[in-house]
Amino acid sequence: MTQIEETPTNPNEHLDEEVERLRQRLSELESSLDESRTTVAALQKSERLYHIILENIPPVTYVFGVGNEPLNSSIYSSPQIEKILGHTSEEFLKDPLLWVKMIYPEDQERVMAESEHADLAGGPFDTEYRVISRDNAIGWFHDESVLVKDDHGQPIYRVGIMTDVTERKQAELALQQMEDMYHRAIDAAGAVPYVLSHDVPNTFSFTFIGEGIAAITGYFASEITADLWNSLRLNAFPRGRLSHLTFEEADRLTDEDHSILWECDFHIRTRDGQERWIADTSVKSFDEQSGKLVSIGIYQDITERKLAEELREKLIKELEQRNAELERITYTLSHELKSPLITIRGFLGYLREDALNGNTPRLERDIHRITEGSDKMLRLINELIDLMSVGRVAHEFKEFPLRALADEAVALVQEKMSQKNIAIHIADDLPNIYGERRHLLEVFQNLLENSVKYIGEPTEPKIEIGQIIKQDSAPVFYVRDNGIGIDPRFNERIFRIFEKLDVNSEGTGIGLALVKRIVEVHGGKIWVESEGLGKGSTFCFTIPDGREKSN
């Protein structure tokens with residue numbers, strides 16, 4: 001039997017094996033830790049990149065807690081919020097209601113209702129609203145967010161972005177304001193837009209016309225046709241670059257050259273028979289779809305402007321006449337005032353000489369001539385002042401009986417009439433009249449004095465005051481005499497200032513000019529009728545009721 005030798009057992013052998021296994025495990029753990037560190041570093045890098053992106057893009061990124069979280073509690077808000085609203089991210093974290101507070105008061109109710117509806121429906125939130133920054137500046141946000149749910153489908157967060165759209169909103173509002181202003185300007189100007197289609201040469205049809213045409217023509221837009229428009233037109237006057245052309249020439253030129261603006265003023269008769277003026281302004285171009293020539297433009301009621309232009313032309317003519325009259329007055333006044341001054345100066349010399357010589361009879365004559373000269377000058381100045389004040393000094397217009405005024409005027413010249421045994425007859429049917437009483441009294445007084453002055457020597461001298469009633473017009477008042485009459489050649493001349501047919505007659509030559517001025521200021525006109533020398537004269541004038549004008 002062979003004896004087997006036993007190998008001695010090493011007591012550290014098992015321990016070494018355990019140590020080796022621990023070393024391997026530690027190596028594996030270190031390797032795993034390195035991988036974890038790499039993963040963490042990658043995650044940290046990714047998170048940093050994520051934050052860099054979120055914190056540098058223009059929109060504000062936010063996360064709100066919902067569900068079990070406090071109402072609108074802010075979990076995260078990117079720092080851009082401070083640049084826009086002046087509130088820091090930390091402030092939103094501390095104050096759950098800060099988001100609500102920053103919403104413009106008039107928008108709060110709407111935005112909160114939309115937010116609540118989105119939360120209940122579990123859908124997205126997308127709206128625009130105004131916000132108020134810390135410095136009370138008003139801006140606009142476009143706010144959109146989505147709900148994030150847990151594994152059980154319960155909402156836990158609302159993640160979204162708020163984009164500052166203030167510039168866009170301001171641009172939109174500015175555009176809207178411009179459009180509103182444009183429409184208001186068109187409405188204020190009474191402008192009516194239209195589109196014409198030129199079907200064949202010299203014919204057209206309306207493809208569109210604004211409803212405002214009814215206010216101008218009396219016809220509704222649905223009634224306006226080319227035939228109706230042409231029937232309303234009384235005349236047409238091209239203006240601007242076309243003003244030197246006839247209507248047909250201007251129409252043909254703008255057909256050929258579309259760069260030329262069509263401008264024309266139409267004189268029309270409206271549905272109710274009124275005459276009005278319409279300014280037509282348009283551009284012509286070809287419509288690519290229809291291949292037809294079209295006009296796009298506006299009609300504008302310029303009746304008031306045309307009337308104002310006519311009034312202006314009338315006033316210019318009146319001003320030219322007044323200037324001419326003023327020149328005549330200046331020239332004549334220098335002569336008329338010089339005459340009594342020469343008389344006064346001459347007789348002052350005689351007065352001194354006669355006083356030194358003690359010639360009392362001649363002293364009395366000298367004083368009388370000086371007094372006459374000064375009286376004439378004073379009368380001339382007063383009448384001239386009266387003439388120039390008519391229409392420039394405000395007086396009270398009122399209604400009064402013309403018969404009483406005529407009686408008063410007769411009383412003022414009664415002494416002169418009695419000296420020439422002139423009979424006077426005043427019609428009983430004189431109406432009430434509306435005007436400035438003092439000046440109208442001067443009209444009758446001056447006309448009566450003129451008749452007395454030129455009554456001549458008829459067998460039975462007489463003056464008559466009356467009226468001629470005409471249908472649908474103001475009555476014509478008259479002062480008629482059977483005096484020496486007037487050569488028709490002088491019918492206009494006698495109403496000019498300082499014009500006297502008899503240079504040796506008394507008076508200053510201002511009386512009839514004053515009468516004419518007063519009548520015209522009252523809106524009337526005056527003229528003289530006479531069959532010739534020895535046939536007497538009739539001075540006729542009108543005084544329209546000026547109550548509506550004065551109001």
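**Ground rules.** I'm working from a predicted model, where local features need pLDDT of at least 70 and side-chain atom pairs count only at pLDDT 80 or more, while totals for chains, interfaces and linings use all residues. Residues are numbered from 1 along each chain as its sequence is written, and side-chain values use heavy atoms, with hydrogens and water left out.

**Overall.** I looked up the secondary structure and got 15 helices and 18 strands in the protein chain; these are DSSP runs numbered from the N terminus, helices being H or I of at least four residues and strands E of at least two. Of the 551 residues in the chain, 36% are buried (under 20% relative accessible area; exposed is over 50%, partly exposed in between, with a 1.4 Å probe and protein chains only). The chain exposes about 34,800 Å², with 53% of that from carbon and sulfur atoms (Shrake-Rupley areas, 1.4 Å probe; for residues, only the protein chains shown count as cover). I also checked contacts (heavy atoms within 4.5 Å): of those between residues at least 6 apart in sequence, 56% join residues at least 24 apart.

**Cysteines.** I searched for disulfides (cysteine sulfur atoms within 2.5 Å of each other) and found 0. Cys264 is buried at 0% relative accessibility, and Cys540 is buried at 2%.

**Cores.** Which residues have the most contacts inside the largest nonpolar core? They are Ile465 and Phe541, in a core of 37 residues. My criterion for a core was buried Ala, Val, Leu, Ile, Met, Phe, Trp, Tyr and Cys joined through side-chain atoms within 4.5 Å. Elements that each supply at least two residues of this core include α12 (402–419), α13 (437–453), β15 (462–468) and β18 (537–542). Beyond its neighbours within four places in sequence, Ile465 touches a list of residues including Ala406, Val410, Phe444, Leu448 and Val479. A second, separate core has 27 residues, among them Phe204, Ile216, Ile224 and Leu245.

**Rings.** I counted 14 aromatic pairs in the whole structure. Rings of Phe, Tyr and Trp (its six-membered ring) pair if their centres lie within 6.5 Å, and planes under 30 degrees apart are stacked, over 60 edge-to-face, the rest tilted. Trp229 and Phe266 are edge-to-face, 5.7 Å centre to centre with 80 degrees between the planes. Trp229 is in α8 and Phe266 in β9, so this pair ties together parts 37 residues apart in sequence. Both Trp229 and Phe266 are buried.

Phe237 and Trp277 make a tilted pair at 5.8 Å and 35 degrees. Phe237 is on β8 and Trp277 on β10, so parts 40 residues apart in sequence are tied together. Phe237 is partly exposed at 40%, whereas Trp277 is buried at 14%.

I then looked for charges over rings (NZ of Lys or CZ of Arg within 6 Å of the ring centre and within 35 degrees of the ring normal). Arg437 has its charged end over the ring of Phe400, 5.6 Å from the centre, and Arg480 sits over Tyr478 at 4.2 Å.

**Val515.** This residue lies in α14 and is buried at 1%. Its C-alpha is 7.1 Å from that of Asn446, 69 residues away along the chain. Leaving aside neighbours within four places, Val515 contacts Glu442, Val443, Asn446, Leu447 and Ile526.
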